[in-house]
Amino acid sequence: MKVAVFSTRSYDRKFLDRANIAANSPHDLEYFETKLNDKTAPLAEGFPCVCMFVNDTANAATLKKLAEQGTKLIALRCAGYNMVDLEAAEEFGLKIVRVPAYSPYSVAEHAVGLILMLNRKLNKAYNRVRDDNFTLDGLLGFDLHQRTIGVIGTGNIGTIFSQIMKGFGCHLLGYDVYPNDEFAGIPGAKYVDLPELLAKSDIISLHCPLVPSTYHLINRDTIEQMKPGVMLINTSRGQLVDTRAVIDEIKTGKIGYVGLDVYEEEDDLFFEDYSDNVIQDDTFQLLQSFQNVVITAHQAFFTQEALTSIAQTTITNITNWEQGNELNNEVKRS
């Protein structure tokens, strides 16, 4: 089957081609570097399947064009689907499939890496030594041992993150509308309500999906409930965080550290090279100017194991649809 694959880089081609060759009925994958939106949708004319990524746009206008051109299946090579208008997809008869899980260790370990970099100032220390500056002033950190970690979202990623932090000797507080027995089974871990988690945590790490109830979960009101000097980590979805509120509280010192792998306006920034351009997003420029903020460009998922799993599941989803098999990973409007 012909598949139009949008937002592709060399690594996408490598892992998708490998998974496709390994399939019993390899598909005809055509790669486009451009993002999917209503302006680029005509590139997919005549393709029964369109494959998209996290910063593509599948709004009503895009889906209408795709459906009119003969597309029947949208295959997301990611877990999140907030970029898809599910009501419009249902109206136009489009099936939506996703990759609900890949390597939860990839994201969990990246979150831990952000904590270590912020706490021990590893980025500053590296740059100093490169400049032959071996002083320690300004590099003071703290022991993670005995610190309290608040985990908002205790699915696979949040639970694995918690297991790693337990290895550091941390206390674990969890909040989730759907409690997970695996998290509860970690020695010493306990579920609490959100206000208690916010008030008691030295480090808060977000691992929940973006749905209407979690949009700007971190806002002026919830920040006010946090400990002074709290560390905030987000490797989940950018729009969980009200960026302007975070910036204001970095200035006051209420928030002491911020580690982000996602950003709420990342669609026009991440996965692109702007090193020779002036970035026009003033909020992002201000955010990354702070010495106690570390930002990575949505790379938490970026491991060999995760990309292999994403590619394999994506190809399997497409094959199942083509062969009329059950779509285990279908996304439906609730």
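Predicted model: local features only at pLDDT ≥ 70, side-chain atom pairs only at ≥ 80, totals over all residues.
Leaving aside neighbours within four places in sequence, I96 is in contact (heavy atoms within 4.5 Å) with I74, L76, V84, L86, A89, N329, E330 and V331.

I then turned to the cores. I96 is among the residues that touch the most other members of the largest nonpolar core, together with V50, M52, L63, L66, I74 and V84. This core has 47 residues. Helix α12, residues 304–322, gives the most to it, five residues. A second, separate core has 32 residues, including I218, V246, L260 and L269. I noted the term: a nonpolar core is a set of buried Ala, Val, Leu, Ile, Met, Phe, Trp, Tyr and Cys residues joined through side-chain atoms within 4.5 Å. Buried means under 20% relative accessible area, exposed over 50% and partly exposed in between, with a 1.4 Å probe and protein chains only. Helices (H or I, at least four residues) and strands (E, at least two) are DSSP runs, numbered from the N terminus.

Next I checked N317, which sits in helix α12. Is N317 buried or exposed? N317 is buried, at a relative accessible area of 5%. Not counting residues up to four places away in sequence, N317 touches V97, R98, L327 and N329.

For the record, residues are numbered from 1 along each chain as its sequence is written. Local features need pLDDT of at least 70 and side-chain atom pairs count only at pLDDT 80 or more, while totals for chains, interfaces and linings use all residues, and side-chain values use heavy atoms, with hydrogens and water left out.
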